[in-house]
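Please look over the chain below before reading on.

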Amino acid sequence: AGALAHAERGLELAAGQHLCCGMLAAARVRALCGLGRVAEALAEAQAYTAMIARDHQQPALELAAAFGAALSAAGRHAEAFAQLEAAAGQAAHLAITGLTLGYVFETAAYVALSARDIGRFEVAFAGCALEYKKGHNPHLSARLSRLFEAAQSEQLRVIQLAGLLEEAGLHISLGLEQIQTPGGGMVV
């Protein structure tokens, strides 16, 4: 509720005229979802997306990710994936990488978990890991670890994915006991 109040105040101050409007709208949509007000979150995400398009503002990828998460929370996973794939396409077109694209991939991975789509989860998780790695930031590694743990709690087989990440040079703290095998592999 506090996050919602801050996002709303920020939107009042920005009044659609500031670049951060998309980020504030995304925060508002995420807060509404967090409060269980999914229908309202969807309506707000649609309205903000239309406003940004109408005003010819640069696409707000954070808002697109929040919109995808709201669609998923409403059980509309196919639409969520379409929204997130479009956001990733916009990022590629605009040469946006790093934290913003990583967040889109992170959201897509959580949507894939919710939809129990292992293939999409693996692709989104790997994309998230590659983008977050660019930041060399322990907070991003922690986010990635939480995502990995969420997959484990859904009982997805993530050992192969962990091995692939290690081979790619991505070393994330998984909070797990790891045993090196004689061939250099890892058993979790």
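**Basis**

This is a predicted model, in which local features need pLDDT of at least 70, side-chain atom pairs count only at pLDDT 80 or more, and totals for chains, interfaces and linings use all residues. Residues are numbered from 1 along each chain as its sequence is written, and side-chain values use heavy atoms, with hydrogens and water left out.

**Layout**

The protein chain has nine helices and two strands. Helices (H or I, at least four residues) and strands (E, at least two) are DSSP runs, numbered from the N terminus. Along the sequence the pattern reads α-α-α-α-α-α-α-α-α-β-β. The chain has 188 residues, and 41% of them count as buried. Buried means under 20% relative accessible area, exposed over 50%, and partly exposed in between (1.4 Å probe, protein chains only). Contact means heavy atoms within 4.5 Å. Among contacts with a separation of 6 or more, 59% come from residues 24 or more positions apart.

**Two helix pairs**

Axes are lines fitted to C-alpha atoms, for helices over the stretch in contact, and angles run from 0 to 180 degrees between N-to-C directions.

| Pair | Axis distance | Angle |
|---|---|---|
| α4 (residues 61-73) and α5 (residues 77-93) | 7 Å | about 165° |
| α6 (residues 99-115) and α7 (residues 118-133) | within 8 Å | roughly 155° |

Take α6 and α7. With their axes crossing at roughly 155°, α6 is roughly antiparallel to α7. Angles under 35 degrees count as roughly parallel, over 145 as roughly antiparallel, 65 to 115 as roughly perpendicular and the rest as oblique. The crossing of α6 past α7 is left-handed. That term applies if the near helix is turned anticlockwise from the far one by less than a right angle; clockwise gives right-handed. On the α6 side, the contact includes Leu99, Tyr103, Phe105 and Leu113. The α7 side includes Arg120, Phe121, Phe125 and Tyr132. By class, this contact has 13 nonpolar, two polar and three charged residues. Ala, Val, Leu, Ile, Met, Phe, Trp, Tyr, Cys and Pro count as nonpolar, Asp, Glu, Lys and Arg as charged, and the others, Gly among them, as polar.

Now α4 and α5. They pack at about 165° and are therefore roughly antiparallel to each other. α4 also passes α5 in a left-handed crossing. From α4 come Leu61, Ala64, Ala65, Phe67, Gly68, Leu71 and Ser72. From α5 come His77, Glu79, Ala80, Gln83, Leu84, Ala87, Gln90 and Ala91. The class count is nine nonpolar, five polar and one charged.

At 1.5 Å a residue, the 17 residues of α6 should span 24 Å, and its end C-alpha atoms are 24 Å apart, which agrees. The expected span is 1.5 Å times one less than the number of residues. Buried residues of α6 include Leu101, Tyr103, Val104, Glu106 and Val111. Their cover includes α2, α4, α5, α7 and α8 (138-153).

Threonine 107 sits in α6. Its relative accessible area is 7%, so threonine 107 is buried. Beyond its neighbours within four places in sequence, threonine 107 contacts Ala65, Ala69 and Leu84.

Helix α2 (residues 21-34) has 14 residues, which should span 20 Å; the end C-alpha atoms are 20 Å apart, in agreement. Its buried residues include Cys21, Leu24, Arg28, Val29 and Leu32.

Which residues does glutamate 44 touch, not counting those up to four places away in sequence? They are Arg28, Val29 and Leu32. Glutamate 44 lies in helix α3 (residues 38-54). At 23% relative accessible area, glutamate 44 is partly exposed. Alanine 26 is 18 residues away in sequence, with a C-alpha to C-alpha distance of 9.3 Å.

**Positive phi**

Alanine 95 is not a glycine, yet its phi is positive at about 60°. Alanine 95 lies in the loop between α5 and α6 and counts as exposed at 64% relative accessibility. Arginine 116, another residue other than glycine, has a positive phi near 60°. Arginine 116 is in the loop between α6 and α7 and is partly exposed at 47%.
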